Amino acid sequence: MTIGPLRLWLGALALTAGSLQIRTIDGAVLRPLEPAGIANVLFFVATDCLVSNSYAPEIQRLCGAFASRGVGSQLIYEDPGVSESAVGKHLAEYRYQAMPAAIDRDGSLAARVRATITPQAVVVDRRGEIRYRGRIDNFYAALGRPRQVVTAHDLEDALTALAGGKPVAHSETDPIGCYIVPANLRRNP
């Protein structure tokens, strides 16, 4: 084997599901692409995104509803310059409890799962495969235009299907919110 194919093989090996780790704001190691149960929901959020913040109660409701069914949940902050203490204050202000929270400073996790907006949910199954990526529901018709009534519960439907051992009907939807700065454009503090 020459050095070129070896590097290619090693690069592919590094992209396997188990290769990505991120630390929570408390220092614990998360392996978001390796769920302990049937799936992990990665909620990409930002402290300064009004749309993301408006979803805090719904995110918490969904986490509570599916935890007993083997679905783990993690908050992934896409604020490259935010401090752990600022995230801690955000967690308290929006009453997030008992959810692991990490800062994706270099954007590697967002890039890996192709998250582009906050809020956005990405559901990863125990094989490390993305089963759903997109909006939480259709509360927003467009940026700054909320609906009176939510008529599509996309993430909840995907989680219900997964928990029931069924295929996810709509595996991707278009989220509405604040753009995530791509990893190659980030300046780390």
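Is V149 buried or exposed? I looked this up first. V149 has 54% relative accessibility, so I noted this residue as exposed. My cut-offs: buried is under 20% relative accessible area, exposed is over 50%, and partly exposed is in between, with a 1.4 Å probe and protein chains only.

**Ground rules.** I am working on a predicted model, where local features need pLDDT of at least 70, side-chain atom pairs count only at pLDDT 80 or more, and totals for chains, interfaces and linings use all residues. Residues are numbered from 1 along each chain as its sequence is written, and side-chain values use heavy atoms, with hydrogens and water left out.

**V149, continued.** I placed V149 in the loop between strand 10 (145-146) and helix 6. Helices (H or I, at least four residues) and strands (E, at least two) are DSSP runs, numbered from the N terminus. I then checked V149 against N138. They are eleven residues apart in sequence, and their C-alpha atoms are 8.8 Å apart in space.

**Disulfide.** I searched the whole structure and found one disulfide, meaning a pair of cysteine sulfur atoms within 2.5 Å. The partners are C49 and C178, with sulfur atoms 2.2 Å apart. The link of C49 and C178 is right-handed, with 90° about the S-S bond. C49 sits in the loop between strand 3 (39-45) and helix 2, and C178 in strand 11 (residues 178-179), so the pair ties together parts 129 residues apart in sequence. I checked accessibility at both ends. C49 is buried at 0%, whereas C178 is partly exposed at 27%. I also looked up C63: at 11% relative accessibility, C63 is buried.

**Aromatic pairs.** I counted ring pairs of Phe, Tyr and Trp (its six-membered ring), with centres within 6.5 Å; planes under 30 degrees apart are stacked, over 60 edge-to-face, and the rest tilted. The count is two aromatic pairs. In one of them, the ring centres of Y55 and Y140 are 6.2 Å apart and the planes are at 50°, so I logged the pair as tilted. Y55 is in the loop between helix 2 (50-54) and helix 3 (56-67), and Y140 is in strand 9 (residues 140-142). That pair links distant parts of the chain, 85 residues apart. Both Y55 and Y140 are buried. For Y140 I noted 12% relative accessibility.

F139 and Y140 form an edge-to-face pair, 5.0 Å centre to centre with 85° between the planes. F139 is partly exposed at 28% relative accessibility.

**Helix packing.** How do helix 3 and helix 6 (residues 154-163) pack, and at what angle? I got about 10°, with the axes 11 Å apart. Axes are lines fitted to C-alpha atoms, for helices over the stretch in contact, and angles run from 0 to 180 degrees between N-to-C directions. Helix 3 is therefore roughly parallel to helix 6. Under 35 degrees is roughly parallel, over 145 roughly antiparallel, 65 to 115 roughly perpendicular and the rest oblique. Helix 3 contributes R61, L62 and F66 to the contact, and helix 6 contributes L155, E156, L159 and T160. Contact means heavy atoms within 4.5 Å.

**Q74.** I ended with Q74, in strand 4 (residues 71-77). Q74 is buried at 7% relative accessibility. Not counting residues up to four places away in sequence, Q74 touches L30, P32, N40, V41, L42, F43, M99 and P100.
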